[in-house]
Amino acid sequence: MSARAWALLLVLCGTIFLEGIDIAMIAIAIPDIRSDLGLSTGTAAWVVSAYVLGYAGFTLLGGRAADLLGRRRMFLLWLGVFMAFSGLGGFATEGWMLVVARFVTGVAAAFMTPAAMSIITTSYEEGPERSRALLIFAGTSAGGFSLGLVVGGLLTELGWQWVFFTPVLVAGVILAGALRLIPREAPAMGDPVASAGAARARMRGRGFDLPGAATAAGAMLLLAYAIVQLEHGFSDWPLIVGSMGAGLLLVGVFVRIERRAADPLVRLGIFRTGSVVRAGFGALLYLGAFMGFQFVLTLYLQELRGWSSWQTAVAMVVLGCDVFLSPTLTPRLVRRFGNARVILGGFLLALAAYVLFLPVGMDWPYLAMFPTLLLAGIGFALTLGPQMIAATDGVPEKEQGLASGLLQTATQFGAAIGISAVTAVHGLVAAGATHQGASAGAGSGSGLGAEADLSAFRWALLVPVAMAAVGTVVAAVGVRRGRGRAGRGPARRPVAGSVQPACRATSRST
């Protein structure tokens, strides 16, 4: 790649880095925010959940908007919104202000991230060049999260407001680079600095599916709300069930609208592409397991072991080893074994990591935890990047934003499901242990309470184990189907210089 192409990739990777560092810093700062503003437990939880709700609820719409309204336009607009509302969060004096700021920031990320990913998939030629760019993009995400844990711990010592102001500075640098490097029109594949007037021509005359957009956003918001609400217990189960039912009903309405629309927001035929569906489902399972494990690990270290946020952050840095492995090791493995086998290897490593942590004890040394953290980080490097490649491979240029949005939607729902499930399991087991302790009388000592808490953590760990096990099965199906296709003859791979004309022909014919 040319120097300008590398610079463009650096700017786009800055977006996913910004997202990762923002999430991690807020998570570390929540205890100080709660103490300083006098927030209730529920309000403090919603400071985190509001971001997830906005992100998961609008990612599908954000991905398609990039295709229809312009990738550069959506990227720049929503990067500016992200920057503005992150800064406003730092000036918040009430809990509701933070919740609103985090929700809008999540919505901005929902439009910004798929736009960035689709700019990559339409700027670099399908094959090794695009694969390498996507692997670097995926690795930067985890690197931002890991660095954010450490930086968040340091900044919180200066004042929690700095975890909101720092992303503003990072976003400002990215925005300056984006204005200079991202072409004004959708770039042609294989030439990341050239304009594609044909993309604008394809946009003319295409209507925006407003009914589909409204029902999609409504359905995703309701489903995300129902999942996130599980984190806060089952006391409001009628609301959870009602939200889930209403969300599923809107999904049915959305499908009906898309079948009849002349220019649908989501072409339903994309779900017949097996690699797209498996990549999305696999990403949901992997991110759900990974984020669920990370959440349980944080609770274990801080609440049960009494580690500080700084100690916890440093201990978890090894999870970000994929920032080095994704652009170095993973491309070699993909070239040699293919996406499907590498993804399967990542799931197997993740499953082994979580199983190794099941017998966690009260006084485990860090060296006993290290193998799990290392395997989980390596598994991330082998899984998320290849899933990005599989989710967009062979998809027409005009639907790259949609494919990116579908994958990002899956990852956000996966994270929400993983965190909500481990929280619910931990809460149920802990509540049951507390009830049993109360029934046994006041003779129960603090040691018994600690053992009950440890038991709750172990039960919660079964959630990431189960999700990783199901993901392993899904990945194995992908490997088996890949072998079946190979048995029917070699797949036609794009030749350098031939991808762009093929995509243009496809676009004209559709």
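Tutor: pLDDT is the predictor's confidence in each residue, on a scale from 0 to 100. It applies here since the model is a predicted one. The protein has a mean pLDDT of 80, and 85% of its residues reach 70 or more. Among the elements of the protein, the highest mean pLDDT, 95, belongs to helix α14 (residues 339-357), and the lowest, 34, to helix α18 (residues 499-509). Two stretches call for caution. Over residues 186-205 pLDDT stays under 50, and the model has 50 contacts beyond four places in sequence for them. Over residues 487-510 pLDDT also stays under 50, with 19 contacts beyond four places in sequence.

Now the rings. Two rings pair if their centres lie within 6.5 Å, and planes over 60 degrees apart count as edge-to-face. By this rule there are 15 aromatic pairs. One of them joins Trp162 and Phe165: the ring centres are 5.9 Å apart and the planes stand at 90°, so this pair is edge-to-face. Trp162 and Phe165 belong to helix α6 (residues 162-181), where being three residues apart separates them by about one helical turn. Buried would mean under 20% relative accessible area, and exposed over 50%. Trp162 has a relative accessibility of 40%, so Trp162 counts as partly exposed. Phe165, with a relative accessible area of 21%, is partly exposed.

Another pair is formed by Tyr366 and Phe370. Their ring centres lie 6.2 Å apart with the planes at 65°, so this pair is edge-to-face. Helix α15 (residues 366-392) holds both Tyr366 and Phe370, four residues apart, which is about one turn of the helix. Tyr366 is partly exposed because its relative accessibility is 28%. For Phe370 the relative accessible area is 32%, and Phe370 is partly exposed.

Ring pairs also build a cluster, whose members are Phe293, Tyr300, Tyr354, Phe357, Trp364 and Phe457.

Helix α4 (residues 95-123) has 29 residues and reaches 42 Å from its first C-alpha to its last, close to the 42 Å expected at 1.5 Å a residue. Of the 29 residues of α4, 24 are buried, so α4 is largely enclosed by the rest of the structure.

Terms used:
Residues are numbered from 1 along each chain as its sequence is written. This is a predicted model: local features need pLDDT of at least 70, side-chain atom pairs count only at pLDDT 80 or more; totals for chains, interfaces and linings use all residues. Side-chain values use heavy atoms; hydrogens and water are left out. Rings of Phe, Tyr and Trp (its six-membered ring) pair if their centres lie within 6.5 Å; planes under 30 degrees apart count as stacked, over 60 as edge-to-face and the rest as tilted. Helices (H or I, at least four residues) and strands (E, at least two) are DSSP runs, numbered from the N terminus. Buried means under 20% relative accessible area, exposed over 50%, partly exposed in between (1.4 Å probe, protein chains only). Contact means heavy atoms within 4.5 Å. The expected span of a helix is 1.5 Å times one less than its number of residues.
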